[in-house]
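Dear colleague,

I am passing on the structure that we spoke about, with some notes to read alongside it. Please look it over first and then go through the points below.

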Amino acid sequence: YFVTANPSEINDLDIGVHPGWVRTGLRFLAYTDAATAPPDASPVCRFLIPPALGDSHFYSASPAECAQTQASNPTFVEESAAVMYMELPNTATGACPAGDIPVYRVWDNRADSNHRYMVDRQLRAQMVAQGWVAEGYGPDQVGMCAPL
């Protein structure tokens, strides 16, 4: 799974620049720049997890979590401090602002670290039942909030 709001990256995936990657048909929306995002939207950082540690990406809309991730994982490569913009849920309740939907993040809890992002709560529950760890805020573990 690869998450991007970058038209060039989307095109590269669609035309086969990266063989083996195809669209899943699953998606969520995001703001592509600060000018179009709501005033309380946060930049979403993107880290590349090196191949030896999983060959995956990590995303967060929390500047504090981005800084913590960089500090505790010095081999992760920060590809962007603002790959897109999204709102954060209430950190205590996990509730998204009106007009947004929850984006769930799960982690595979393995040495070859991998994260997945989805808006389908049932899919998240299936993955957690398979051993993935839900990460996020509030009792429902919401990672970010996407516009409808």
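In the loop between which two strands does Gln141 lie? Gln141 is placed in the loop between strand 6 (133–135) and strand 7, where strands (E, at least two residues) and helices (H or I, at least four residues) are DSSP runs numbered from the N terminus. Although Gln141 is not a glycine, its phi is positive, at about 55°, and with a relative accessible area of 25% this residue is partly exposed; here buried means under 20% relative accessible area, exposed over 50%, and partly exposed in between, with a 1.4 Å probe and protein chains only.

Before the rest, two remarks on the source. This is a predicted model, in which local features need pLDDT of at least 70 and side-chain atom pairs count only at pLDDT 80 or more, while totals for chains, interfaces and linings use all residues. Residues are numbered from 1 along each chain as its sequence is written, and side-chain values use heavy atoms, with hydrogens and water left out.

Three strands make up an open, antiparallel sheet in the order 2-1-3, two strands being paired if DSSP finds at least two bridges between them. Strand 2 (56–60) and strand 3 (77–86) are at the edges with a single partner strand each, so one side of each has no neighbour in the sheet. On average, neighbouring strands of this sheet are turned by 25° against each other, direction ignored, the axes being lines fitted to C-alpha atoms (for helices over the stretch in contact) and angles running from 0 to 180 degrees between N-to-C directions.

Strand 1 (residues 42–49) is joined to strand 2 by five bridges, and among the partners are Leu48 with His57 and Arg46 with Tyr59. Six bridges join strand 1 to strand 3, again antiparallel, and Ser42 stands opposite Met86 there. Six of the eight residues of strand 1 are buried.

Strands 1 and 2 form a hairpin with six residues between them, and Gly54 in the turn has a positive phi of about 145°. Asp55 lies in the loop between these strands and has a positive phi near 50° despite being a residue other than glycine; at 52% relative accessibility, Asp55 counts as exposed.

The helices

Helix 2 (residues 63–72) lies across strand 1, strand 2 and strand 3, and runs at about 20° to strand 1. At the start of helix 1 (residues 7–15), a side-chain oxygen of Asn6 comes to within 2.7 Å of the backbone nitrogen of Ser8, and just after this helix Gly16 takes a positive phi of about 90°.

The cores

A nonpolar core is taken as a set of buried Ala, Val, Leu, Ile, Met, Phe, Trp, Tyr and Cys residues joined through side-chain atoms within 4.5 Å. The largest one has 19 residues, of which Val44, Tyr59, Met84, Met86, Tyr117 and Met144 touch the most other members. Strand 1, strand 2, strand 3 and strand 7 (142–147) each give two or more residues to this core, and the largest share, four residues, comes from strand 1. Apart from this core lies another, of seven residues, including Tyr104, Met118, Trp132 and Val142.

With residues up to four places away in sequence not counted, Met86 touches, among others, Phe28, Leu29, Val44, Val103 and Met144, contact meaning heavy atoms within 4.5 Å.

With best wishes

Definitions and conventions: A polar contact is a pair of N or O atoms within 3.5 Å; within protein, one must be able to donate a hydrogen and the other to accept it, and residues adjacent in sequence count only if both atoms are side-chain atoms.
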